[in-house]
Amino acid sequence: MKNITKQVYKGLILPFRGILSGYSILEAYKLLRKTQYLPKKELEKLQLIKLKEIVKHAYETVPYYNKKFKEYKVKPDDIKTLKDIKKLPILTREDVFNNFPNNIVSNSYIKTHQKGLTLGYTGGSSGNPLKFYKDSLTMSMLLACQWRGWSYGGYKIGDKIALLGGSSLVPFLGSSLKSKFKLKFSSFIKRMLPLSAYTLDEETMNVYIKKLIKYKPDIIIGYPSALKVLAEHIESKNIMTINPKSVHVTSEMLFQDQRKAIEKNFNCKVFDGYGSGEAIVSAFECEQHNGLHLTAETGITEIIGNEMIVTSILNKATPFIRYKIGDKSKFINRECSCGRPLPLIDHIQGREGDFLIGKNNRKVSTVGLTLMFGQAKVKEYQLIQESKNKIIVRIVKDKDYSNKKTEYITNSLERWLGNGIDIDIQFVDKIPLTKAGKRIVLIKKI
Ligand SMILES: [Zn+2]
């Protein structure tokens, strides 16, 4: 039975998804399985061809690039080697935000390629989501890259996936009937079990464990902070029946204690991964666990200082050329024993703005905080980092609120941030939304 479902998935559902997106994901996957073994020089030749193409396209059809390249006195013909990319200006998040849609989108391309075009959003703590268009080739290649990354941990097309994450991993988490149906349908198509990481109290985790035992996922994907909380709960309940082939973590920095707890209680290896909402490059740890292999087939990565600067060599709808993505890493200059020449980078350092800063510049992810506040069951909360030594926590109490919760929140924050940080808890009736109707979890004044 299991094999039949897999065959139906491979033979029918996948090609159907390919037709919907206008580009075959299966074909992309087959190609990527080969290109990961291309010698470095061959891979760079491929990147140069695509880079020239995208630079010319941006210059000719996107007003922002046309103007900027002229300012920098650079023409598409000046790109003769990969190193020439340095002649081009850096693109910031603000540049994309301020110029969308008219000046940063290729309007002529969008008009002729409407089929399969997706409007992408990325979050961030600023409260202003970044909008851009992704074309079907970009979408298919990025998804196929994800499959290839998961295959390093044993994933095969059609395998069952369980997801434990927030809105970036578990989409459509709404309460309306329509969004519930949408989630069910998309979960069926993707063969996945979505679990929200926003509230991980005891009751919810017991439900999740039951679901996982019943669903028997082949792989589990999620935020490391959430997976660690769940792994420890599994340990406390002495449950040994969830045995996926591998666990893949993403969206946050992975710490050693998290890796250990997850590996011990899910009884398999953890694979670190990196992806960006902007759909430019991603990176995956292989079975040798020597760092993360970049998906060089989708983009070019430069690292200046420790800042990642990425260029999509695929997306013609909204070209991202030398985009300062806000993630930090460094190259690992050695060959990986797995035999894949794809460039290696170190584990990603957190995104700017998504962290509270504690003692000695210790960074505490807002995703981890979300889990803690979820466990405390406060109605709403907001954190304001006033200075390096002071944090204001605004809380909207729910009817079960007690002093014990204040104690729990204060203790957790002190433990994470380090001693000597002034934590000022303020109770408010409500937390104001931004003009766009968004709630900001973290405001940083430093
Ligand atoms: Zn490797």
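**Sheet, zinc site and local geometry of the predicted model**

Three strands make up an open sheet in the order S10-S11-S12, with antiparallel pairing; strands here are DSSP runs (E) of at least two residues and helices are runs (H or I) of at least four, numbered from the N terminus, and two strands pair if DSSP finds at least two bridges between them. Strand S10 (299-304) and strand S12 (323-328) stand at the edges with a single partner strand each, so one side of each has no neighbour in the sheet. From one strand to the next the twist averages 30°, with axes taken as lines fitted to C-alpha atoms (for helices, over the stretch in contact) and angles running from 0 to 180 degrees between N-to-C directions. S10 pairs with strand S11 (residues 307-312) in the antiparallel sense over 6 bridges, and Thr-301 stands opposite Val-310 in S11.

The model is a predicted one, in which local features need pLDDT of at least 70 and side-chain atom pairs count only at pLDDT 80 or more, while totals for chains, interfaces and linings use all residues. Residues are numbered from 1 along each chain as its sequence is written, and side-chain values use heavy atoms, with hydrogens and water left out.

Strand S7 (residues 269-275) and S8 pair in the antiparallel sense over 3 bridges, with Phe-284 in S8 as the bridge partner of Gly-273. The hairpin of S7 and S8 has 6 residues between the strands, and Ala-279 there takes a positive phi near 60°. S8 is also joined to S9 by 3 bridges, and these two strands run antiparallel. Phe-284 has His-293 as its bridge partner in S9. Both faces of S8 are covered: Ser-282 and Phe-284 on one side, and Ala-283 and Glu-285 on the other, are all buried, where buried means under 20% relative accessible area, exposed means over 50%, and partly exposed lies in between (1.4 Å probe, protein chains only).

The hairpin of S8 and S9 likewise has 6 residues between its strands. His-289 lies in the loop between S8 and S9 and has a positive phi of about 50° although it is not a glycine. With 26% relative accessibility, His-289 counts as partly exposed.

Which residues coordinate the zinc ion? The ligands are Cys-286 (SG), His-293 (NE2), Cys-336 (SG) and Cys-338 (SG), at 2.1 to 2.3 Å; donors are N, O and S atoms within 2.8 Å of the metal (3.2 Å for Na, K and Ca), and sites may look incomplete, as water is not among the atoms. Angles of 104 to 115° are subtended by the 4 donor atoms, which makes the arrangement tetrahedral. Four donors count as tetrahedral if all angles lie between 85 and 135 degrees. Along the chain the donors follow the spacing C-x6-H-x42-C-x1-C. Distant parts of the chain are linked in this way: Cys-286 sits in the loop between strand S8 (282-285) and strand S9 (292-294), and Cys-338 in the loop between strand S13 (331-332) and strand S14 (344-345), 52 residues apart. Cys-286 and Cys-338 are both buried.

Among the helices, H2 (residues 25-35) has Ile-25, Ala-28, Tyr-29, Leu-32 and Thr-35 as its buried residues. Seen down the axis of H2, these residues fall within an arc of 130°, so they line one face of the helix; the arc is that of the directions from the helix axis to the C-beta atoms. At the start of H2, a side-chain oxygen of Ser-24 comes to within 3.4 Å of the backbone nitrogen of Leu-26. Such a polar contact is a pair of N or O atoms within 3.5 Å; within protein, one must be able to donate a hydrogen and the other to accept it, and residues adjacent in sequence count only if both atoms are side-chain atoms. Gln-47, in helix H3 (residues 40-61), is buried at 9% relative accessibility, and its side chain reaches the backbone oxygen of Gly-299 at 3.3 Å.

Some loop residues complete the picture. Pro-101 is in the loop between helix H5 (93-99) and helix H6 (107-112), and the peptide bond from Phe-100 to Pro-101 is cis, with omega near -5°. Lys-216, in the loop between helix H9 (202-215) and strand S5 (219-222), has a positive phi near 50° and is exposed, with a relative accessible area of 57%.

Terms used. Tetrahedral: all angles 85-135°; square planar, octahedral: opposite > 155°, others 65-115°.
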